[in-house]
Amino acid sequence: MKWHVTLMIFLVVSMALVSAVTAEPSPDTEACLECHRTIHPGIVADWERSRHARTRPVDALEKPEIERRISAASPPESLRDVTVGCAECHTLRAEAHSDTFEHSGYDVHVVVSPADCATCHPEERAQYEDNLMSRAYGNLMENPVYRNLADTINGVQVYHAKENATRLKDPDEATNAVSCLFCHGTRVKVREFITRETDFGDMTLPELEGWPSQGVGRINPDGTRGACTACHTRHGFSIEMARKPHTCSQCHKGPDVPAYKVYDVSKHGNLYSALKQAWDFDAVPWTLGKDVSAPTCATCHVSLTVDSDGLVIAERTHRMNDRLAWRLFGVYSHPHPKSPDTTVLRNRSGLPLPVDLDGKPSPEGLIGAEEQEARRNAMQGVCRSCHGDNWVRTQFERLDRTLETTNAMTRAATEVMASAWEQGLAKGLEHQDSLFNEAIEMKWAEQWLFYANSTRYAAAMMGGDYGVFERGRWDMSLNLQEMIDWLEVAERLQKERQSE
Amino acid sequence: MKWHVTLMIFLVVSMALVSAVTAEPSPDTEACLECHRTIHPGIVADWERSRHARTRPVDALEKPEIERRISAASPPESLRDVTVGCAECHTLRAEAHSDTFEHSGYDVHVVVSPADCATCHPEERAQYEDNLMSRAYGNLMENPVYRNLADTINGVQVYHAKENATRLKDPDEATNAVSCLFCHGTRVKVREFITRETDFGDMTLPELEGWPSQGVGRINPDGTRGACTACHTRHGFSIEMARKPHTCSQCHKGPDVPAYKVYDVSKHGNLYSALKQAWDFDAVPWTLGKDVSAPTCATCHVSLTVDSDGLVIAERTHRMNDRLAWRLFGVYSHPHPKSPDTTVLRNRSGLPLPVDLDGKPSPEGLIGAEEQEARRNAMQGVCRSCHGDNWVRTQFERLDRTLETTNAMTRAATEVMASAWEQGLAKGLEHQDSLFNEAIEMKWAEQWLFYANSTRYAAAMMGGDYGVFERGRWDMSLNLQEMIDWLEVAERLQKERQSE
Amino acid sequence: MKWHVTLMIFLVVSMALVSAVTAEPSPDTEACLECHRTIHPGIVADWERSRHARTRPVDALEKPEIERRISAASPPESLRDVTVGCAECHTLRAEAHSDTFEHSGYDVHVVVSPADCATCHPEERAQYEDNLMSRAYGNLMENPVYRNLADTINGVQVYHAKENATRLKDPDEATNAVSCLFCHGTRVKVREFITRETDFGDMTLPELEGWPSQGVGRINPDGTRGACTACHTRHGFSIEMARKPHTCSQCHKGPDVPAYKVYDVSKHGNLYSALKQAWDFDAVPWTLGKDVSAPTCATCHVSLTVDSDGLVIAERTHRMNDRLAWRLFGVYSHPHPKSPDTTVLRNRSGLPLPVDLDGKPSPEGLIGAEEQEARRNAMQGVCRSCHGDNWVRTQFERLDRTLETTNAMTRAATEVMASAWEQGLAKGLEHQDSLFNEAIEMKWAEQWLFYANSTRYAAAMMGGDYGVFERGRWDMSLNLQEMIDWLEVAERLQKERQSE
């Protein structure tokens with residue numbers, strides 16, 4: 001080995017050591033750790049293993065831009081030369097947080113929000129603001145159609161034997177929080193500040209309502225939307241974990257959005273399962289082929305990926321539909337909405353939905369063909385790293401065809417339902433009644449919410465059975481025929497009732 | 001390095017080597033291995049990798065008490081200085097085992113029972129004796145209500161076209177063994193001793209009935225209850241394996257007790273899935289934060305856990321409900337029974353259930369509020385290692401609220417059912433008929449057995465969709481409305497039948 | 001260390017190095033890689049990590065026969081001394097492939113077929129030819145009964161309100177490809193050759209129909225059947241991956257064949273999950289006990305396994321039913337068919353099924369008792385590596401009993417169905433109508449396709465809940481009672497219709 005190579009290695013190693021030595025927590029964080037290391041050993045141990053605990057913003061900035069994990073060009077002076085510890089996050093923007101309280105001499109807040117994270121990660125936060133998920137609370141709770149769906153299933157039903165019918169009691173906050181809002185996120189508010197006796201003397205602490213919550217669209221005490229911890233689990237905030245499909249399974253394994261289940265039985269999921277121990281889930285950028293030999297959820301939808309020459313295949317995005325032409329999810333599948341706030345959509349009947357109940361989309365609020373094409377191209381760029389042109393084109397044609405057929409099967413079920421509503425065999429919108437509170441209406445909802453959705457995801461991500469027997473086409477067919485049987489019986493009962 | 005440090009290291013290593021050298025199988029076990037190494041290579045290889053194969057009780061006793069894996073203060077003299085091999089377990093207490101047979105000069109028994117294991121692990125065995133699971137056989141088969149449920153689904157139904165009805169043939173032992181008793185455990189008995197020709201000459205061997213079984217409440221040929229191998233899989237008996245959630249999934253993944261599925265999509269399950277390769281599943285005691293950074297099933301329900309200072313967070317227990325205030329499972333959720341034998345319970349109608357069908361609990365056999373509080377505190381101690389006070393309190397309040405609402409939804413379904421029974425539209429207890437043999441009754445059972453249970457587990461362990469669309473609140477609502485629809489049709493049919 | 005030991009080690013290492021040095025891609029493959037390394041980095045990286053990329057047939061042949069991964073005694077001269085790269089597979093048998101095209105001076109084909117793989121792996125290919133899976137396309141699409149099932153669920157249903165009924169539009173190729181044929185395999189054909197502009201100038205490429213497909217019974221452009229890549233995922237073709245159960249889950253996790261789900265909760269699956277990181281999935285032959293301490297799917301059904309003395313426990317087979325006495329799957333479970341082409345079967349009613357609808361098997365096309373016994377013995381040989389005689393016998397008796405009871409429960413449901421057909425309450429074969437297009441018929445199909453099958457797999461592989469509450473015996477009972485309820489209502493409706 002040449003002497004100057006030896007010298008260079010020596011210098012690099014020395015610098016790394018020096019840098020490691022100086023990458024220390026701030027005195028403020030040391031103060032937090034002093035007690036919390038004992039009170040919350042799990043949290044502290046988690047953090048100690050994290051990149052935050054061994055990296056100062058000033059170190060992060062030294063990397064070439066493509067390798068950077070922070071997007072702030074210049075993080076605040078006061079934070080640059082200390083690692084990212086308790087105090088750095090939990091005392092930021094104290095005045096903005098209604099949950100800020102005086103704690104051992106510090107103004108601390110409980111709920112770290114996307115705006116806090118944006119101190120170092122502003123681009124990711126801005127992208128996420130434009131992500132449907134950041135609006136998951138409002139898109140459910142402030143859309144009258146979906147809110148009614150939520151209320152119907154979260155409320156308690158009281159049976160009245162005389163009428164052979166139930167009356168619904170409105171759901172309470174606790175139920176919503178462990179039901180729909182578990183994934184969508186709660187509205188977190190300070191109920192009051194309470195002084196409690198603790199092992200460390202009397203302490204005044206905020207009593208939060210809607211807490212805990214790590215739902216993707218959480219409304220935070222500083223008014224911001226979202227919870228970065230939904231995917232970047234506290235207090236390790238590990239990119240490895242966020243890139244593994246299990247993270248997405250937290251909210252995408254149910255029958256309404258079975259994306260994880262589909263992935264799991266796909267070739268991609270199989271490769272992940274068999275080979276993941278040899279992959280590098282931590283590399284930034286993520287080199288396809290080298291770091292991973294099959295995509296995880298993040299590879300296709302989120303991550304900055306490059307080829308073996310370092311050329312960018314796809315840019316990092318936290319607006320999850322940047323590479324998606326269609327929104328699969330819905331009564332009918334449709335082009336993605338332009339705004340993350342879907343409560344602004346109106347179909348021709350005036351409902352806050354992107355498509356009429358008979359299947360005609362209302363294109364105003366939705367992206368156009370050109371934007372669809374651009375997004376489809378962005379996704380196909382990832383596919384083409386491993387798949388030929390014929391392969392990729394057919395794959396997307398098959399998906400398009402599946403959207404048509406599942407929309408048609410939804411339409412058939414909707415026509416049965418419409419017939420029931422018209423004949424007064426069930427009570428729908430025209431009767432100022434819920435769309436989701438009778439058995440037949442719930443079967444109609446299952447047609448699109450479970451079976452059409454599952455079939456669409458199976459086609460998109462190649463998970464065979466979820467488009468066939470596992471709540472797929474089989475279930476769409478059976479469900480439709482059962483609705484038809486129900487209608488026949490209901491008509492007969494009505495006739496008899498009328499003839500009495 | 002100082003010379004005395006070097007010396008100490010030298011001594012420790014030497015002692016370890018000497019100890020390893022002398023940790024040898026007994027001559028009796030060597031005799032077993034001689035043939036069985038060839039006949040059953042899989043079993044022997046498994047055991048050879050086990051801690052049993054390299055540890056003598058005398059070594060185990062040398063550890064500080066908190067690190068000990070055996071609880072016997074003084075194991076029998078004859079076993080102390082040999083490793084735990086075939087002969088040590090399979091010849092213990094020969095006279096107590098009805099399956100003992102003379103085998104190449106030894107009195108061997110096939111089924112190693114908890115009483116055998118108690119030779120070195122008496123505390124664990126005593127705890128398990130007090131665990132509901134040890135009574136899983138009797139609690140199912142000797143409770144007339146549940147026995148009838150089992151019979152109804154395990155028996156074969158013969159269709160009689162004229163009556164458009166089925167008659168039930170009683171289930172046979174083989175069916176029970178692969179159905180309910182697969183998890184609950186069978187009653188293992190010696191049918192006879194048979195002499196067979198083998199490669200090693202004629203051999204007289206016991207022919208066991210109800211074997212194989214590794215169900216948690218197995219009744220053993222020595223009259224004891226339980227199978228330690230249900231979780232500590234033979235012949236490795238690995239604590240690592242018992243601590244991993246997959247072990248619990250063997251019996252807790254079904255729709256009646258979907259605990260594993262809930263865990264799997266929870267933050268805890270996600271952390272386990274992403275990070276487990278860096279955890280130490282073998283450490284005793286288990287240091288939270290250091291050894292594991294998120295709980296598995298065992299962490300919360302079973303294991304001896306300590307904080308980073310070695311202070312005990314929770315004591316080891318094999319009575320699985322030691323940290324549980326409520327029994328989630330049941331027609332209605334209720335405080336845990338005092339006795340592991342739940343056949344002694346009586347509700348006000350005299351049924352062997354802890355709660356009346358209308359939802360009123362019979363508190364006699366159930367733990368009181370004080371004991372509930374103690375158990376809740378024990379569990380919360382584990383939670384508080386990573387979670388703040390507000391977090392933990394709200395989590396448990398939400399669970400309590402979920403128990404109320406799921407009980408209410410069970411009550412509504414029961415009222416529909418009661419109305420059907422009263423009107424003679426279905427045949428229930430008053431007609432001396434099964435509660436589980438008609439379609440409408442099975443739908444009623446699904447209301448609590450599947451949907452209410454799933455919703456409760458989802459709230460307890462934070463697995464979103466299992467409380468919503470995946471057999472959760474959605475399914476409780478739909479099922480209830482379908483029961484109501486059924487009742488309407490049944491009333492109409494009855495009316496017409498009567499008017500003919 | 002003795003000098004000659006040192007010398008031997010030196011020589012072995014040197015030879016290994018030399019061999020590694022000379023194991024190089026062919027110039028033709030180098031030509032492929034030149035461009036494709038950039039265009040398809042994922043594929044190339046996958047291949048580079050594969051055994052194919054570092055092994056020449058001549059090296060493979062040097063191993064003792066039991067360790068060989070190729071079965072050709074003498075691969076073609078031209079391939080022997082180069083590694084197995086792009087050109088070696090994609091230019092083989094050019095004239096036989098209708099998808100062959102001129103590509104940068106080479107005659108290349110897209111779809112590598114089993115006949116191509118047979119160049120080095122002829123025995124495996126011959127076995128697979130005799131495997132039911134190789135006929136998965138025809139056995140579905142050319143059996144009128146199953147084809148009708150497929151059409152009914154893949155076609156789009158159009159609702160006609162006046163008749164309260166649907167009319168079925170035939171399914172299109174794209175839908176079939178992502179539905180049933182995703183696992184069964186498509187028929188891949190060249191639609192046309194198209195000249196496209198590419199970054200490398202104009203290129204004429206085949207435009208394939210039915211592509212992509214990695215279904216097990218794919219019909220290839222060279223007329224052969226099967227896709228080795230279904231399990232040996234391209235382009236790593238890793239034996240490790242094929243041996244892991246996740247590979248089988250791609251097609252065996254659905255409700256019709258829930259083998260993977262059953263395995264997953266079995267003791268075997270639990271051992272795999274907890275201990276797999278210490279197993280050797282790559283060893284040939286596979287030593288039970290040493291390489292793996294519990295079976296995966298491949299261990300029992302496919303792999304060459306030996307005991308610790310190197311004695312063969314089971315021979316390698318790619319005819320997956322070589323160790324199976326019964327075909328679990330079907331309206332009724334029955335002895336395995338003799339021919340992999342099941343369209344040749346005829347039951348007494350002339351239907352292409354092995355069993356009459358009333359449960360009587362037609363033994364002509366099925367293996368006899370002697371062959372069943374031989375296959376059962378082959379499987380039990382694997383079991384006996386870890387399990388005693390009593391254990392193994394009872395396990396198989398329990399399975400036999402489960403086949404009887406699930407067949408009986410299918411028969412009961414079929415009798416209800418037959419009664420409906422006879423009374424004209426549903427339209428079946430006698431009305432020249434589909435068996436699968438009415439709700440009640442689909443419920444009948446679920447009785448055997450989902451619930452009986454699941455119960456059988458649960459008994460065969462010891463996955464408790466899949467034989468009870470998770471689409472097991474519980475569901476068979478409930479479904480049967482619901483069919484009976486339906487029949488009662490249907491009879492009543494008919495009566496009223498007739499009395500009008």
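Modeller: Let's start with contact: two residues are in contact if their C-beta atoms, placed from the backbone, lie within 7 Å. Keep in mind that this is a predicted model.

Biologist: Okay, how many residues of domain 1 of chain A are in contact with domain 2 of chain A?

Modeller: On the domain 1 side there are 14, and they meet 11 residues of domain 2 of chain A. Helices α2 (27-39) and α3 (41-48) of chain A each give at least two residues to that domain 1 side, with the largest share, three residues, coming from α3(A). Sorted by class, the side has eight nonpolar, three polar and three charged residues.

Biologist: And where do the two domains of chain A sit in the numbering?

Modeller: The assignment puts domain 1 at 12-81 and domain 2 at 89-237. Taken over C-alpha atoms, their centres are 27 Å apart.

Biologist: Let's do the chain pair. Which helix gives the largest share of the side of chain B that touches chain A?

Modeller: Here 51 residues of chain B are in contact with 51 residues of chain A. The largest share on the chain B side is 15 residues, from α19(B). By class, that side has 21 nonpolar, 16 polar and 14 charged residues.

Biologist: Now the sheet in chain B: which strands stand at the edges?

Modeller: The order is β7-β8-β9, an open sheet with mixed pairing. β7 (286-287) and β9 (312-314) of chain B each have a single partner strand, so one side of each lacks a neighbour in the sheet. β8 (residues 305-306) and β9(B) run antiparallel, joined by two bridges, and B:Thr305 sits opposite B:Ala314.

Biologist: What lies across β8 and β9 of chain B?

Modeller: Helix α18 (residues 369-383) of chain B does, at about 120° to β9(B).

Terms used. Residues numbered from 1 in each chain as written. Chains lettered and ligands numbered in written order. Predicted model: local features only at pLDDT ≥ 70, side-chain atom pairs only at ≥ 80, totals over all residues. Helix = DSSP H or I, 4+ residues; strand = E, 2+ residues; numbered from the N terminus. Nonpolar A, V, L, I, M, F, W, Y, C, P; charged D, E, K, R; others polar. Pairing = 2+ DSSP bridges. Axes fitted to C-alpha atoms, helices over the stretch in contact; angles between N-to-C directions. Domains from an automatic or database assignment.
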